[in-house]
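The entries follow in the order in which I made them.

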Amino acid sequence: MKKLVLLILLLPFTMVSQNSIQGTFTPAESFNFALLYHVTPTSTNFVKQVKTKTDGTWSISLDADAEKGIYKIVYAVPVEANNFNVFYNGKEDILLVFDLDTGLSFTASEENKIWETYTDSISKLNSLISNYYSKGKTDKSEIKAVFETLRAAQNNFEKMTSGKLIAPFVKSNRTYIPEAYEDIKTYSLNLKKHFFDYMEFGNPLLQNSDFINDRIIAYVFVMPAETHYYKQAIDEVIKATANHDKTQLSILQKLWESMITNKLPEVAIYISDTYLLPLAKTYNNTYLVKIIENYNKTAIGKKAINFDFTYLKNDKIVKTSLYNFNTNKQTVLIFWSSTCSHCLKELPKVKTIMDRHPEVTVLAYGLESDISSWEEATKNYKGFTQTYDLRGWNSQAVKEYGISVTPTFFVLDADKTIIAKPGEAEDLYEIFKK
């Protein structure tokens, strides 16, 4: 009987200590599942998966010992583009609605609702500031009133969130706020100068989220769209994060990936060669080191990897290397195969394009297993310098250049620096058209 009474006394506390994350996805027919992950500075750990109901609702119960912090909810694939974060403080249920058109909102969870209100309020005030300067307004009292409202709002939210999970996010989101009127040039310079003043780079919770990376990427890409300014901004980021190597590693990786996505290879190489690769080696991040090194092998702006090859010239076999070949002209290097149907469609187009550019040499590197099909196919491409490797996909050049599909094109200058990587013949046409 005593044991039963003890069990009854314990039950309510056990039940109360468990919380849940409940959501509604709309439109319901666009969703099938919800995945929950706990985010840490070094990993994203899977927690649970549930199916959405026909009305778009779903619920995930959290264990009593579930860690406080940032949780990521994935609602579609690809995972990287279809997710959002929530704050879990271990004390309350989270109820949310996610709409494909209007985005995320919360109906329960004090932490998340305050953060939602805060970001909305600050965003509106920043819009007023941007609107004032962009329209060239001259009423100084108007902008001073907005700055005073912004300062009051920031201070109030910092007090309101003191001791809460979101406190470091609110503090780190503070921006420079002038004490008096400033013209647009002065304000812009001060905004840039003090951008990192309030950022808690060493805070583990901030490191768990996308907050720091998003702020840094926004800082870099607000610069004039020139390589020089991007590099300068990256140097400033490194200076601001000087005492936080692990945070730097995450920031630099995201910046490097962003530069590649935005087709800024020179800046990507600057990040990797100057900062990211040495840091990745320091922390023995072999996976990241391999990714960077593979990219750098064939990145625009890098010198192409040398290789030896032979070809026929006036019925004589010539032995040479890429670096010793065609030393005063541009070269279009093509990795292809005579048994590749797509290659046999693309190469005639390439020949038509390159016939208009006799000042450029085409070096066609065949990945072959049989010489007869190669000899037959090359008859159609007079004017190309032809070579082959009977090791096919096992050739060293395939490994060095990271070839995964044929045909693959590289445009090299006379020094064999990679100046373009067209995806297909049409891209090659656009390059030489310019």
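Are F87 and W115 buried or exposed? I looked up both residues in this predicted model. F87 is buried, and W115 is buried as well.

Entry on the count. I asked how many aromatic pairs there are, and the total came to 42. I then turned to F87 and W115, which form an edge-to-face pair. Their ring centres lie 5.8 Å apart, and the angle between the planes is 75°. This pair joins distant parts of the chain. I placed F87 in strand 6, residues 83–88, and W115 in helix 2, residues 110–134. The two residues are 28 residues apart.

Entry on a further pair. I found that F335 and F410 also make an aromatic pair, with 6.3 Å from centre to centre. Their planes stand at 90°, and the pair is edge-to-face. F335 belongs to strand 11 (residues 330–336) and F410 to strand 14 (residues 408–412), so the pair ties together parts 75 residues apart in sequence. I noted F335 and F410 as both buried.

Entry on a cluster. Which residues share one aromatic cluster with F335 and F410? I listed F307, F309, Y311, F325, Y365 and Y401 beside them.

Entry on charges over rings. I looked up R174 and found that R174 lies over the face of Y198, 5.8 Å from the ring centre. I also recorded K303, which lies over the face of Y323 at 4.5 Å from the ring centre.

How values were computed. Residues numbered from 1 in each chain as written. Predicted model: local features only at pLDDT ≥ 70, side-chain atom pairs only at ≥ 80, totals over all residues. Heavy atoms only, no water. Phe/Tyr/Trp six-rings, centres within 6.5 Å; stacked < 30°, edge-to-face > 60°. Helix = DSSP H or I, 4+ residues; strand = E, 2+ residues; numbered from the N terminus. Buried < 20%, exposed > 50% of the residue type's maximum accessible area, 1.4 Å probe, protein only. Lys NZ or Arg CZ within 6 Å of the ring centre and 35° of its normal.
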